[in-house]
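The sequence and the model are shown first, and a description follows.

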Amino acid sequence: MSAPAEHFESAERQHQAAELGMWVFLATELMFFGPLFLGYAYGRWSFSEGFAAASRHTDVVIGTINTAVLLTSSLFVALGARAVKLDRGAAARVLLLCAAGLGAVFLVLKGLEYHDEWREHLVPWLDFRFARPHQHAAAMFYFLYFGMTGLHAVHLTIGIAVMVVFAVRLGSGPVARLENQIDMGALYWHFVDGIWVFLYPILYLVERHG
Amino acid sequence: MNALPAEQSLPGKVLHEESYLREGFTLRSWLLTRDHKRIALLYMISITGFFFLGGAAASIIRLELLTPAGDVVDAETYNKLFTAHGVIMVWFFLIPSIPATLGNFLIPLMIGAREVAFPRLNLASWYIYTLGGIFVVITLIAGGVDTGWTFYTPFSTLFSNSNVVLAVMGVFIVGFSSILTGLNFIVTVHRLRAPGMTWFRLPLFVWANYATSLILVLATPVLAMTLSLVAFERLTHIGIFDPALGGDPLLFQHLFWFYSHPAVYIMVLPAMGVASEIIPCFARKQVFGYRMMAYAILGIAIIGFLVWGHHMFVSGQSMYASIAFSLLSFLVAIPSAIKVFNWTATLYKGSISVSGPMLYALGFVGLFTIGGLTGLFLAATALDVHLTDTYFVVAHFHYIMVGGTVMAYLGGLHFWWPKIVGRLYPENLARIAAVTIFIGFNLTFFPQYLLGAWGMPRRYHEYAPQFQLLNEFSSTGAAILGIGYLLPLGYLTWAMLRGARAPSNPWGATGLEWETPSPPPKENFAVIPRVVRGPYDYHPSGASAPSGASAEPQA
């Protein structure tokens, strides 16, 4: 591990500080998503039929594939962080790039989905059309849908950039100096993944049987 | 300088180190600093600027209210003035006031650390604050915003013709500076305490800022997202607050107050921390019930998250919700009262010296008590129906935020001024200013309780003639208060440049910050101290234990 910053007595202490800092940051992030989840709970409670009708217009196939893609990416990140600990820089590099690649696949699929939704007039502020009587509830649903998945996509984009930077930096210099940072990056990645695990059922799977 | 007995008792300590103020004199050395002490000063300068900007808005408001007719400004300008006053004072002065200045400066010193955990984030937080501030200044130049600091929907999203989006962006941005400050403090307190500095040896100022930080990181992001939703809804006319779509303005109020009620504790907990440092020092006694004080701080922070609905008793929330929120609000009074009783018990049989900082701290306790007790009036559902949106509410929260927080902030500035700038302030002027502020404050805001109880609504630029006399009292008080605030601006600045050199521990106070030279060197401690006892080792005989007694250099 690299030398600690001068105000830490040891690298171990610095690692602990970084880890706690990351967890606090993730708590903040969770609260940041909070109003959207509360808004969703309000809408679903008040307009359960409208939200179910709107949810049936989401692309459950792409949504499901994307869930699998993202969960797999988290596996690669976990393996990558492990490889760093074992001082296997080349393997870590490939694993993190795979994770970033899967993240990019997710974004491309998400983009295709957005495109289809735009063509089907499901974007609330761009010529939105939805069959009566649920047009208002559906507008609210898609407002939340784009808000939540959009915010998630922004987070994922940052995650991809971070993983690519790690992969580049793993190409030169001692691997161990990055252990701390990659651990933190991995935590962040898993958090973004975890948010999606909640978004997928509440957006795609509302009363699908109907 | 620094020839103090207290320091001679510290064997092995390197004295006469270069102070943090002399570590570079260029603008660049300040703007790119990562020293928590310099960042504290950057914050102090910025928030002082915003304090007087917000104060200017308040002055025009009080001038308008001198007479019942709307003769100084028109109704729309008046709306913009009280909005500017609220937005600036809440987010650009009160929230960062004690944590970002005194907290930033003192927390590492008090726990025996060389820095905060993340110095770069600390500097980033000041830049984010500044960026948010620029947005607010642009908002004002562009013509202001008229929603009130609460940005209630649907007025803010559908009807207001002012710069809501710009203002909301400013508040959104400044929120992240709060989050970074909170994050930094939490990690610093957890991970950078000196050997022997156990949780129950932490000064209560550190406890208070720690609890504040928990609120900052958990509540602020909710406000950020809520205000984003307001801005988005205003721009696109689609959203979850719009009644036309089946959305609910009450949802906005729930989200807004989920942040903004805990925000009151963001403002007042650090003030309690300051009082808990000053009072034992000038009563020469250990703080009474130290552990209970620490638990009370945490209790206030936690229960404070569960009381937001008391702002919505007349907004149409369910009656049962109102009852629950009312009871929980009464519950907050318990730890608050514990603190007031314990400060009082600390004074009991102490050998009290009435110095400038002590006057401010005593003023804080008294005004906080009045503000807190009148809060209970407002937490009672039936009475609140009568008092909602009257001047009673205005008086109540000004007693907490201005009487409480600003008094304590000024007290803290005086108390630690010798440490911060290495020079002594003029004691008599400080006493005069403290008394002036106390009188001016009460004259301004006590009449507002009566006005509110008699039914004068807030947020109008005109009022019925029978309210004039008390409003004249209030405006006169505001003028006195304004003079009171200008005094410290003058003499503290003078002291910074021309005051007598301060010894390292002018008050004979305990606490690690007093064991560093005044002003401290860049790395705070030449040798990280090893702490062997609790924070308030005062003895009433007047013969203070040398400050060095609380710590000895690490072997």
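## The interface between the chains

In this predicted model, 30 residues of chain A are in contact with 29 residues of chain B. On the side of chain A that touches chain B, helix H1 (11–46) and helix H5 (135–170) of chain A each supply at least two residues. H1(A) gives the most to this side, with 19 residues.

## Overall form of chain B

The secondary structure of chain B consists of 16 helices and two strands. Its radius of gyration is 23 Å, close to the 24 Å that the globule rule gives for 555 residues, so chain B is as compact as a globular protein of that length. The C-alpha trace of chain B spans about 75 × 45 × 45 Å along its principal axes.

Of the 555 residues in chain B, 58% are buried. Among the contacts in chain B with a separation of 6 or more, 84% are between residues 24 or more positions apart.

Helix H10 of chain B covers residues 290–303; at 1.5 Å a residue, its 14 residues should span 20 Å, and the end C-alpha atoms are 20 Å apart, which agrees. The buried residues of H10(B) are B:Tyr290, B:Met293, B:Ala294, B:Ala296, B:Ile297, B:Ile300 and B:Ala301. Viewed down the axis of H10(B), these buried residues fall within an arc of 160°, so they line one face of the helix. The buried residues of H10(B) pack against helix H8 (204–236), helix H9 (249–283) and helix H11 (319–347) of chain B.

B:Ile297 also has a place in the largest nonpolar core, which holds 243 residues; B:Ile111, B:Val168, B:Leu269, B:Ala275, B:Ile297 and B:Ala408 touch the most other members. H9(B) gives the most to this core, with 23 residues. With neighbours within four places in sequence left aside, B:Ile297 is in contact with B:Trp207, B:Ala208, B:Ala211, B:Leu269 and B:Met272.

## A loop residue and a further helix in chain B

B:Val314 is placed in the loop between H10 and H11 of chain B. With 14 other C-beta atoms within 10 Å, B:Val314 is partly exposed. Not counting residues up to four places away in sequence, B:Val314 touches B:Val385 and B:Thr388. B:Val314 and B:Pro447 are 133 residues apart along the chain, and their C-alpha atoms are separated by 25 Å.

Helix H5 of chain B covers residues 119–141; its 23 residues should span 33 Å at 1.5 Å a residue, in agreement with the 33 Å between its end C-alpha atoms. H5(B) is followed by B:Gly143, whose phi is positive, near 120°.

## A helix residue in chain A

A:Leu109 lies in helix H4 (residues 89–119) of chain A. This residue counts as partly exposed, with 17 C-beta neighbours inside 10 Å. A:Leu109 touches A:Ile62, A:Ile65 and A:Asn66, when residues up to four places away in sequence are not counted. From C-alpha to C-alpha, A:Leu109 and A:Tyr204 are 15 Å apart in space, and they are 95 residues apart in sequence.

Technical notes:
Residues are numbered from 1 along each chain as its sequence is written. Chains are lettered from A and ligands numbered from 1 in the order in which they are written. This is a predicted model: local features need pLDDT of at least 70, side-chain atom pairs count only at pLDDT 80 or more; totals for chains, interfaces and linings use all residues. Two residues are in contact if their C-beta atoms, placed from the backbone, lie within 7 Å. Helices (H or I, at least four residues) and strands (E, at least two) are DSSP runs, numbered from the N terminus. The expected span of a helix is 1.5 Å times one less than its number of residues. A residue is buried if 20 or more other C-beta atoms lie within 10 Å of its own, exposed if 12 or fewer, and partly exposed in between; C-beta atoms are placed from the backbone. The arc is that of the directions from the helix axis to the C-beta atoms. A nonpolar core is a set of buried Ala, Val, Leu, Ile, Met, Phe, Trp, Tyr and Cys residues joined through C-beta atoms within 7 Å. The radius of gyration is taken over C-alpha atoms; the globule rule is 2.2 Å times the number of residues to the power 0.38.
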